[in-house]
Amino acid sequence: MMISMRRLSRFAGAKKGLAALEFALLLPMMLLLLFGSCELIDVMMVNRRVQNVSSSLADVVARDTEVSNAEVQGLWSSLSVLMYPEGVGTAMDVRITSLSIANNKASVVWSEGYNGLSPLNKNSTVSLPSAMMQNGSSLIMAETVYRYNSVLGFLFSGTM
């Protein structure tokens, strides 16, 4: 009995493999934290680019008094430049809509869609916050949907 207690106490006091054991236990969590952080940064960058696309398209359209079909096609071709290096492909859907506000209702004047977002029907109404309902004014509304494909698909997926 005495020999086994001595061996047991020696085993409990051994420190040779402790660092390797701790490293083996912590490595998966450290890698998940590292890759998750990189993925989160990428998601945030893509989100910023998608917001930039919306605001840029709305700004360009709002500066014109008339927008031709050729100009709208030019806007669609500019998407890949605005989303660089992500690219657009089939991952991005965009809709630009001109709204006229009268009698506290926002009505569609014209609407153009790209990829999966179809244009809104002319004269249909759109709900807006009450602060934006200024009778006699007009607005340009740009909507974007981007389907993000994660490198680490098990961490993040979905649309923005």
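Helices (H or I, at least four residues) and strands (E, at least two) are taken here as DSSP runs, numbered from the N terminus. The model is a predicted one, in which local features need pLDDT of at least 70 and side-chain atom pairs count only at pLDDT 80 or more, whereas totals for chains, interfaces and linings use all residues. Residues are numbered from 1 along each chain as its sequence is written, and side-chain values use heavy atoms, with hydrogens and water left out.

On this basis, the protein chain contains three helices and five strands, and these follow one another along the sequence in the pattern α-α-α-β-β-β-β-β. The chain is more spread out than a compact globule, because its radius of gyration is 28 Å, well over the 15 Å that the globule rule gives for 160 residues; the radius is taken over C-alpha atoms, and the rule is 2.2 Å times the number of residues to the power 0.38. The C-alpha trace spans about 95 × 35 × 20 Å along its principal axes.

Buried residues (under 20% relative accessible area, as against over 50% for exposed and in between for partly exposed, with a 1.4 Å probe and protein chains only) make up 25% of the 160 residues. The accessible surface of the chain, from the Shrake-Rupley method with a 1.4 Å probe, comes to about 11,000 Å², and 60% of it belongs to carbon and sulfur atoms. Where contact means heavy atoms within 4.5 Å, residues 24 or more positions apart account for 59% of the contacts with a separation of 6 or more. For the charges, Lys and Arg count as positive and Asp and Glu as negative, while His and the chain ends are not counted, and each charge is placed at NZ of Lys, CZ of Arg, CG of Asp or CD of Glu. The mean positions of the 12 positive and 11 negative charges are 24 Å apart.

Helix α3 (residues 69-82) has 14 residues and reaches 20 Å from its first C-alpha to its last, close to the 20 Å expected at 1.5 Å a residue, the expected span being 1.5 Å times one less than the number of residues. Within α3, Val72, Leu75, Trp76 and Leu79 are buried. An α-helix has 3.6 residues a turn, so residues three or four places apart point the same way. The buried residues of α3 pack against α2 (18-63), β1 (92-102) and β2 (105-114).

The loop between α3 and β1 holds Val88, which counts as buried at 9% relative accessibility. Leaving aside neighbours within four places in sequence, Val88 is in contact with Leu79, Ser80, Met83 and Tyr114; Val88 and Trp76, twelve residues apart in sequence, are 9.9 Å apart in space, C-alpha to C-alpha. Pro85 is found in the loop between α3 and β1 as well, and a cis peptide bond with omega of about 5 degrees joins Tyr84 and Pro85.

Most residues other than glycine have a negative phi, and most peptide bonds are trans. Asn104, in the loop between β1 and β2, has a positive phi of about 55 degrees although it is not a glycine. Asn115, which lies in the loop between β2 and β3 (125-126), likewise has a positive phi, near 70 degrees, and counts as partly exposed at 43% relative accessibility.

In helix α2, Ser54 counts as buried at 15% relative accessibility. Beyond the neighbours within four places in sequence, Ser54 is in contact with Ala142, Glu143 and Thr144.
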